Amino acid sequence: MGRLDADSEGLVLLTDDGKCADALLQPKSKVAKTYVVDFERDVDDGDVTRLADGVEIETPQQRSGATTTQKTRPCEVSREGDRRLRFVISEGRNRQLRRMAEALGYEVTGLRRVAFGPVSLGDLRPGALRPLAAAEVDALLAHKDKVAKAKRGGGQRRRPRT
């Protein structure tokens, strides 16, 4: 679950539960994804604020191939150094973080997903695998159920018309 482009690395979840994967990857699910991003130069404090507030980017649409221009949702951005930021985003547009950086004149030199919702990469080495802990599976399933409930209208039954 959760694609990464060829220039990125980090956490990818593997599952045989297609319904769960689909629910968690839907834009409406708003699962938080955490990334550590390295830049080619120091990032200005004002640009950190602009990134957090949302940046207008162009995004190619998968099915139609058309390009849309839209501001990204606000996200959490914190410093981990002069050239390294940690992002927590709840959307996942194609190459979103790279496009956000580019919109402000920065080049991304490294991008690593370190968490997907409640699941954290921790100190797992590149290429290594580990099974999810029961609490991680439960948290993912709870989020999936919350998304499904919201999709059904909050779980409230509609009264029949008379």
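**Figure 1. Residue classes in the lining of the second largest pocket.** In this predicted model, the lining of the second largest pocket comprises twelve nonpolar, three polar and four charged residues. The volume of the second largest pocket is about 440 Å³. Its lining is formed by 19 residues, and those nearest the centre of the pocket are Leu11, Val12, Leu124, Ala128 and Leu129. Two elements, strand S1 (9–10) and strand S8 (119–120), each give two or more residues to this lining.

**Figure 2. A nonpolar patch on the surface.** The view shows Val12, Leu14 and Leu129, which form a nonpolar patch with about 360 Å² of accessible area together. Leu129 belongs to the loop between S8 and helix H4 (134–151). The relative accessible area of Leu129 is 73%, and Leu129 is therefore classed as exposed, the limit for that class being over 50%. Val12 and Leu129 are also among the residues that lie nearest the centre of the second largest pocket.

**Figure 3. The largest pocket.** The largest pocket of the model has a volume of about 940 Å³. A total of 35 residues line the largest pocket, with Arg3, Glu91, Gly92, Arg93 and Asn94 lying nearest its centre. Helices and strands both contribute: the elements giving two or more residues to the lining are helix H1 (18–25), strand S2 (33–39), strand S3 (56–60), strand S4 (67–71), helix H3 (96–103) and strand S7 (108–116). Sorted by class, the lining of the largest pocket contains eleven nonpolar, 13 polar and eleven charged residues.

**Figure 4. The salt bridge between Arg98 and Asp5.** The structure contains twelve salt bridges, one of which joins Arg98 to Asp5. The closest N and O atoms of Arg98 and Asp5 are 3.3 Å apart. Because Arg98 is in helix H3 and Asp5 is in the segment before S1, the pair ties together parts separated by 93 residues in sequence. Arg98 has a relative accessibility of 12% and so counts as buried, the limit for that class being under 20%. Asp5, with a relative accessible area of 22%, is partly exposed. Both residues also take part in a network of salt bridges that links Asp5, Asp7, Arg95 and Arg98.

**Figure 5. The salt bridge between Arg83 and Asp42.** The side chains of Arg83 and Asp42 form a salt bridge with an N to O distance of 3.2 Å. Arg83 is located in the loop between strand S5 (76–79) and strand S6 (84–89), and Asp42 in the loop between S2 and helix H2 (45–53), so this pair ties together parts of the chain that are 41 residues apart in sequence. Arg83 is partly exposed, its relative accessible area being 43%. Asp42 is likewise partly exposed, with a relative accessible area of 43%.

**Figure 6. The salt bridge between Arg79 and Asp45.** Arg79 and Asp45 are joined by a salt bridge in which the closest N and O atoms are 2.8 Å apart. The pair links distant parts of the chain, as Arg79 lies in strand S5 and Asp45 in helix H2, 34 residues apart. The two partners belong to separate accessibility classes: Arg79, at 33% relative accessibility, is partly exposed, whereas Asp45, with a relative accessible area of 54%, is exposed.

How values were computed: Residues are numbered from 1 along each chain as its sequence is written. This is a predicted model: local features need pLDDT of at least 70, side-chain atom pairs count only at pLDDT 80 or more; totals for chains, interfaces and linings use all residues. Side-chain values use heavy atoms; hydrogens and water are left out. On a 1 Å grid over the protein atoms alone, a cavity is a set of points where a 1.4 Å probe fits but cannot get out, and a pocket is an open set with protein on both sides within 12 Å along at least five of seven lines; lining residues have an atom within 4 Å of a point. Grid points are joined across faces, edges and corners, and a volume is the space filled by probe spheres set on the points. Helices (H or I, at least four residues) and strands (E, at least two) are DSSP runs, numbered from the N terminus. Ala, Val, Leu, Ile, Met, Phe, Trp, Tyr, Cys and Pro count as nonpolar, Asp, Glu, Lys and Arg as charged, and the others, Gly among them, as polar. A salt bridge is a side-chain nitrogen of Lys or Arg within 4 Å of a carboxyl oxygen of Asp or Glu. Buried means under 20% relative accessible area, exposed over 50%, partly exposed in between (1.4 Å probe, protein chains only). Patches are made of residues with over 30% relative accessible area and no salt bridge: like charges are joined within 9 Å, nonpolar side chains (Val, Leu, Ile, Met, Phe, Trp, Tyr) within 5 Å. Accessible areas come from the Shrake-Rupley method with a 1.4 Å probe; for residues, only the protein chains shown count as cover.
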